Amino acid sequence: MKHQIDFDRIDLKREAPVEEPARQYYFIAKAREYVHKVSKELARPLTAAVITFGCQMNARDSEKLIGILEQAGYQMTETEQADLVIYNTCTVRDNANQKVYGRLGALNSLKKQNPHMKICLCGCMMQEESALDKIRKSYRFVDLIFGTHNIFKFAELLCTMAESDRMVIDIWKEAEGIVEDLPVERKYAFKSGINIMFGCNNFCSYCIVPYVRGKERSRNPRDIIREIEALVADGVVEVMLLGQNVNSYGKNLEEQISFADLLREVEKVEGLERIRFMTSHPKDLSEEMIQVMKESKKICRHLHLPLQSGSNRILEAMNRCYTKEQYLALVERIRQEIPDMAITTDIIVGFPGETLEDVEETIDVVKRVKYDNAFTFIYSKRTGTPAAAMENQVASEVVKEGFDKLLKVVQDTARERAALLQGQVQTALAEEMNEQDSTLVTGRLSNNTIVHFPGTPDQIGKIVSVRLKECRGFYYIGEQITESG
Ligand code: SAH
Ligand code: SF4
Ligand code: F3S
């Protein structure tokens with residue numbers, strides 16, 4: 001999206017303003033001057049790459065980083081052979097951290113070939129002291145490190161980095177206010193994520209997110225609606241409202257507003273066709289929410305409802321605040337009211353103290369709910385969380401046995417659910433040309449199922465009617481239905 005500010009007209013001879021976002025506009029202008037100068041010296045444009053790990057929240061943050069880099073004059077590339085590389089990191093499971101360490105090693109050799117190269121790290125992993133220490137000691141070639149709470153300051157930090165020959169580190173323990181109106185560059189022209197809240201107050205005992213993303217903070221509803229209206233004016237037809245626990249939206253705001261109220265407001269935005277949101281915590285999904293979803297013409301028929309475990313003993317130790325029975329009753333209510341709602345979930349296997357009998361309880365829930373898809377994770381011990389201090393950590397052979405058994409059931413039910421759509425006519429948002437077969441368009445149904453159908457690039461971003469002809473496991477081959485047909 002074109003940003004409204006003319007950065008070339010900002011007077012850099014003056015002091016930087018104190019208030020935000022004006023202060024960051026100033027530093028974008030300053031970074032622009034720097035990029036222009038170096039690029040003139042090298043007689044080529046400066047390139048930058050943003051590599052994202054982790055969830056949708058990080059993906060959205062990366063769009064903000066790219067927005068600032070583009071305004072600063074960098075040419076974006078996908079490869080790490082660039083003048084500036086940022087890793088936007090995740091730390092939810094240890095394998096996410098290991099990936100970053102592995103790739104950083106490779107970046108170091110690229111940096112040896114390009115003396116102008118700058119390496120930056122940000123995101124959730126940087127909020128962890130142990131990770132930060134390790135990078136400070138063993139990855140001394142990194143130029144800039146910042147965290148999740150000060151990402152809005154990226155332009156300012158770019159300028160500090162340009163003037164410094166040492167590693168610049170700026171990590172905040174807590175967030176201050178929410179800074180609005182910074183540039184952002186979307187990955188897709190026709191759909192966009194929107195943060196509606198930041199942080200999490202739930203403290204599930206296995207989870208590091210509340211420690212690295214801070215306390216729950218909701219954005220002002222008017223800022224959210226204004227952003228959505230601007231996106232729609234810029235060609236967006238689908239939004240995904242983002243938060244770690246969207247059902248508790250509004251709780252820390254002065255004015256009385258619930259997530260259901262916010263959804264009603266978003267529904268009114270003219271020109272917007274589809275609304276998605278993520279993630280719903282089962283304990284906070286109200287009857288009012290079910291009614292709003294049922295009555296809505298725009299809310300997609302897909303609900304991601306993380307189960308984590310089907311065993312009451314484990315759910316309690318996880319601090320999830322619901323039982324197996326409550327979860328099943330909630331799903332039943334949703335299915336009663338909205339029969340075509342696809343339900344997906346997240347499940348953890350190997351939480352401390354979990355036995356194969358507990359996994360059987362989880363499998364029982366999967367069989368009853370028949371999830372359209374489930375992301376299954378092996379428990380990863382995160383330093384500082386209550387679960388990491390529990391003594392009864394599970395042996396990896398036991399975890400594997402339970403995990404494999406669960407995965408098979410998950411795949412069977414997902415296949416069974418997918419097959420139900422055979423022959424139906426549904427609307428799909430055409431998202432991209434198929435990578436393997438360029439005569440096919442890849443579209444997404446309201447319930448999040450993927451369909452490939454013969455089509456052309458001019459359809460990308462449009463909502464089209466398709467007949468679901470052939471189910472291939474989890475996705476469909478379809479054909480477009482014309483208005484008259
Ligand atoms: N806020 C979301 C989840 C964010 S993390 C929610 O509560 O649903 C995404 C998923 O990662 C979680 O649902 C959980 O299944 C998984 N996860 C979180 N911490 C984990 C850990 N320590 N080990 C394994 N999986 C974990
Ligand atoms: Fe983590 Fe639980 Fe918060 Fe989700 S709700 S981010 S799993 S603490
Ligand atoms: Fe990972 Fe942070 Fe998201 S830890 S899952 S990127 S909130």
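Modeller: Let's start with N319, which is partly exposed because its relative accessible area is 35%. Keep in mind that this is a predicted model.

Colleague: Where is N319 in the fold?
Modeller: N319 sits in the loop between α10 (312-318) and α11 (324-337).

Colleague: And what is phi like for N319?
Modeller: Phi is near 65° there, a positive value in a residue other than glycine. N448 also has a positive phi, near 85°, and N448 is not a glycine either.

Colleague: OK, which loop holds N448?
Modeller: The loop between β16 (440-445) and β17 (450-454). N448 has 28% relative accessibility, so N448 counts as partly exposed.

Colleague: Switching topic: where are the cis peptide bonds?
Modeller: One goes from E20 to P21, with omega near 0°. P21 belongs to the segment before α1 (22-42). Another cis bond joins M278 and T279, with omega about 5°.

Colleague: Tell me about T279. Is T279 buried or exposed?
Modeller: T279 counts as buried because its relative accessibility is 16%, under the 20% cut-off. T279 lies in the loop between β11 (274-278) and α9 (287-295).

Colleague: What does T279 touch?
Modeller: Leaving out neighbours within four places in sequence, T279 is in contact with G243, Q244, N245, V246, H304 and P306.

Colleague: What about the inside of the protein? How many residues are in the largest nonpolar core?
Modeller: That core has 56 residues, and I228, L241, F259, F277 and M293 have the most contacts inside it.

Colleague: Pick F259. What are the contacts of F259?
Modeller: Setting aside neighbours within four places in sequence, F259 meets I196, L241, V246, N247, Y249, F277 and M289. There is also a second, separate core of 35 residues, including F7, Y25, I66 and L144.

Colleague: I noticed E63 on the screen. Which helix has E63?
Modeller: E63 is in helix α2 (residues 56-72).

Colleague: Is E63 buried or exposed?
Modeller: Buried, because E63 has a relative accessible area of 12%, and the cut-off is 20%.

Colleague: So what does E63 touch in there?
Modeller: V184, E185, R186 and K187, not counting residues up to four places away in sequence.

Colleague: Last topic: how do α12 and α13 sit relative to each other?
Modeller: The axes of α12 (residues 356-369) and α13 (residues 396-419) come within 10 Å and cross at roughly 10°. Angles under 35 degrees count as roughly parallel, so α12 and α13 are roughly parallel to each other.

Colleague: Which residues make that contact?
Modeller: From α12, you have L356, V359, E360, T362, I363, V366 and K367. They meet V398, E401, G402, K405, L406, V409, V410 and T413 in α13.

Colleague: And how do they divide by class?
Modeller: The contact of α12 with α13 has 8 nonpolar, 3 polar and 4 charged residues.

Methods
Residues are numbered from 1 along each chain as its sequence is written. Chains are lettered from A and ligands numbered from 1 in the order in which they are written. This is a predicted model: local features need pLDDT of at least 70, side-chain atom pairs count only at pLDDT 80 or more; totals for chains, interfaces and linings use all residues. Side-chain values use heavy atoms; hydrogens and water are left out. A nonpolar core is a set of buried Ala, Val, Leu, Ile, Met, Phe, Trp, Tyr and Cys residues joined through side-chain atoms within 4.5 Å. Buried means under 20% relative accessible area, exposed over 50%, partly exposed in between (1.4 Å probe, protein chains only). Contact means heavy atoms within 4.5 Å. Helices (H or I, at least four residues) and strands (E, at least two) are DSSP runs, numbered from the N terminus. Axes are lines fitted to C-alpha atoms, for helices over the stretch in contact, and angles run from 0 to 180 degrees between N-to-C directions. Angles under 35 degrees count as roughly parallel, over 145 as roughly antiparallel, 65 to 115 as roughly perpendicular and the rest as oblique. Ala, Val, Leu, Ile, Met, Phe, Trp, Tyr, Cys and Pro count as nonpolar, Asp, Glu, Lys and Arg as charged, and the others, Gly among them, as polar.
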